[in-house]
Amino acid sequence: MTSVTATKRSGPDDPHGGHSGRDGHGGQGGRPRRSWRPGPSGPPPRGKAFEDRAAWFLVLPALIPILILSVGPLLYGIALAFTDAQSGRTRSTQWIGTLNFQDLLHDTLFWDSFRIGLVWAVGVTVPQFLLALGLALLLNQNLRLRWLARALAIVPWAMPEVVVGIMWRLVYNPDAGILNETIRDLGLGDGRDWLTGLATALPALILVGIWAGMPQTTVALLAGLQNTPRELHEAAALDGAGAWRRFRTVTWPAIKPIALAISALNLIWNFNSFALVYVLTSGGPGGRTRLPMLFAYEEAFRYGQFGYAAAMGCVMVAVISVLLAFYLVGRLRGGEDR
């Protein structure tokens, strides 16, 4: 009786009897409720750390070839640009600092090749994009045998550059080439030697570059066109918008990110072209088609000036990095505006 009486008399403030509820805190049961307040953050669970290590192990097979085949040679080439490395096993290599770059600033042949490279890159990239855009718009229409036209459009892309170069050398052949034969059959003249003429070598080369690279741009733009909802075109047509207005207000905003990306990549790839130009003209005639990559190749493997050629490569990497930085900044600003 005494214990029962004491229990009944104990109120909520009683230090010995606790609260008068069922659980001592106004709840049910004889034990206190758990607190749901977030506690201090502790170390991550062991499972999370194991998953992070496992993810690195999965990435390593793709990361190691990049480090060995791309990053390693790039760093070695940059270091080589500050030496006087030349061909010959018995010749020692000395560190000469920025002397190669100082000589490069006064090398008019290199800067001429640099100017030719810019003309080549822009002259190929701009017409390539415009023609690819027109072809992509055509292939996006509901035409008969559209699948066959799409398959034929990517044939030049599937051909190696060496094969493309040999094929176009046959086309441009001054004696039995199909181009000169067509000109003679039409009565337009006797034809000419397109790849050895000072005035025609670079335009003829640009035409081949456009033909060889257009399928890749066409496929990228066609993918963007197919992802554009048709409802937008139908709504614009109901509002009375013509074909040009629909393209400007509906089609172009949808494919603009893809167009900018593929154009930037094409500009970089065309500036770095080597195999196609080497097979067609080898930089001739008179250096009129000697692109910077071909000029660096000749300095390294024809004249044995490895350090000087590496300095040229560093300049080209710097230019490409600047172009890529402008592109990335534009993409980031475009993303912020959206």
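Helices (H or I, at least four residues) are DSSP runs, numbered from the N terminus, and their axes are lines fitted to C-alpha atoms over the stretch in contact, with angles running from 0 to 180 degrees between N-to-C directions. The model is predicted, so to speak of local features a pLDDT of at least 70 is needed, side-chain atom pairs count only at pLDDT 80 or more, and totals for chains, interfaces and linings use all residues. Residues are numbered from 1 along each chain as its sequence is written, and side-chain values use heavy atoms, with hydrogens and water left out.

Helix 7 (residues 161–171) packs with helix 9 (residues 201–226) at an angle of about 135°, their axes being 11 Å apart. Helix 7 brings Val164, Met167 and Trp168 to the contact, and helix 9 brings Leu207, Val208, Trp211 and Ala212 (heavy atoms within 4.5 Å). These residues comprise seven nonpolar, no polar and no charged, where Ala, Val, Leu, Ile, Met, Phe, Trp, Tyr, Cys and Pro count as nonpolar, Asp, Glu, Lys and Arg as charged, and the others, Gly among them, as polar.

Turning to the cavity, the lining of the largest cavity is made by Leu118, Ala121, Leu267, Phe271, Val319 and Leu323 (a cavity is a set of points on a 1 Å grid over the protein atoms alone where a 1.4 Å probe fits but cannot get out, and lining residues have an atom within 4 Å of a point). At least two lining residues come from each of helix 4 (108–139), helix 11 (243–271) and helix 14 (306–337). By class, this lining holds six nonpolar, no polar and no charged residues.

Key: On a 1 Å grid over the protein atoms alone, a cavity is a set of points where a 1.4 Å probe fits but cannot get out, and a pocket is an open set with protein on both sides within 12 Å along at least five of seven lines; lining residues have an atom within 4 Å of a point.
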